[in-house]
Amino acid sequence: RRPLTAHEALRLLLGRESPHFDRAVLWALAQTMGLYPAGTMMRTAGGRLLLSVSPNPADLRRPVCRELGTGPDGVIVRVPDAPDAPLEEGERVTHVLAPEETSADIEGLLAA
């Protein structure tokens, strides 16, 4: 098995394990990390591929994201000239990609 991603660990802590923790501490953790911690790759209902880069204090469900696409060689890259911005109002995440679902260089995409 592989280590949990930050998103998987947060889901576990806020889900079935939540009765074992102080609710105020869990809320502070969620506010600090957001519901989609930095490095979480997700697909939206509109088919966009996004990478969470930071939480959005105004709405934890809408992280600040970097739009991704596929380069000519099939490698996942940052969409040129697309600014980092909160997930658009009305757009929703339909799938969070697990590390084994992609060969993307998450650390490189976060640093780009």
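The exercises below work through the fold, the nonpolar cores and the salt bridges of a predicted model.

Residues are numbered from 1 along each chain as its sequence is written. Local features need pLDDT of at least 70, side-chain atom pairs count only at pLDDT 80 or more, totals for chains, interfaces and linings use all residues, and side-chain values use heavy atoms, with hydrogens and water left out.

**Exercise 1. Describe the fold and the overall dimensions of the protein chain.**

Step 1. Take helices (H or I, at least four residues) and strands (E, at least two) as DSSP runs, numbered from the N terminus. The protein chain then has three helices and six strands, in the order α-α-β-β-β-β-β-β-α.

Step 2. Compare the radius of gyration, taken over C-alpha atoms, with the globule rule, which is 2.2 Å times the number of residues to the power 0.38. The radius of gyration is 14 Å, close to the 13 Å that the rule gives for 112 residues, so the protein chain is as compact as a globular protein of that length. The C-alpha trace spans about 50 × 35 × 25 Å along its principal axes.

Step 3. Count contacts (heavy atoms within 4.5 Å). Of those between residues at least 6 apart in sequence, 49% join residues at least 24 apart.

**Exercise 2. Find the largest nonpolar core and name its residues.**

Step 1. Apply the burial classes: buried is under 20% relative accessible area, exposed is over 50%, and partly exposed lies in between (1.4 Å probe, protein chains only). Of the 112 residues, 33% count as buried.

Step 2. Join the buried residues into nonpolar cores, meaning sets of buried Ala, Val, Leu, Ile, Met, Phe, Trp, Tyr and Cys residues joined through side-chain atoms within 4.5 Å. The largest has eight residues: Met41, Leu49, Leu51, Leu68, Ile76, Leu97, Ala104 and Leu109. A second, separate core of six residues includes Met42, Leu50, Leu87 and Val93.

Step 3. Look at the surroundings of Leu97. Not counting residues up to four places away in sequence, Leu97 touches Met41, Met42, Arg43, Leu49 and Thr102.

**Exercise 3. Place Arg62 in the chain and identify its salt-bridge partners.**

Step 1. Locate the residue. Arg62 is in the loop between β2 and β3, and at 18% relative accessibility it counts as buried.

Step 2. Search for salt bridges (a side-chain nitrogen of Lys or Arg within 4 Å of a carboxyl oxygen of Asp or Glu). Arg62 pairs with Asp59, the closest N and O atoms being 3.8 Å apart. Asp59 is also buried, at 13%.

Step 3. Glu89 and Arg62 meet at 3.4 Å, N to O. This pair links distant parts of the chain, 27 residues apart, with Glu89 in the loop between β5 (85-86) and β6 (93-96). Glu89 is exposed, at 66%.

Step 4. List the further contacts. Leaving aside neighbours within four places in sequence, Arg62 is in contact with Asn56, Pro86, Leu87, Glu88 and Glu89.

**Exercise 4. Survey salt bridges elsewhere in the structure.**

Step 1. Take the total. The whole structure has 11 salt bridges.

Step 2. Pick out the network. Arg48, Glu67, Glu88 and Glu91 are linked in a network of salt bridges.

Step 3. Examine Arg2. The side chains of Arg2 and Glu8 meet at 2.6 Å, N to O. Arg2 is partly exposed at 30%, and Glu8 is partly exposed at 23%.
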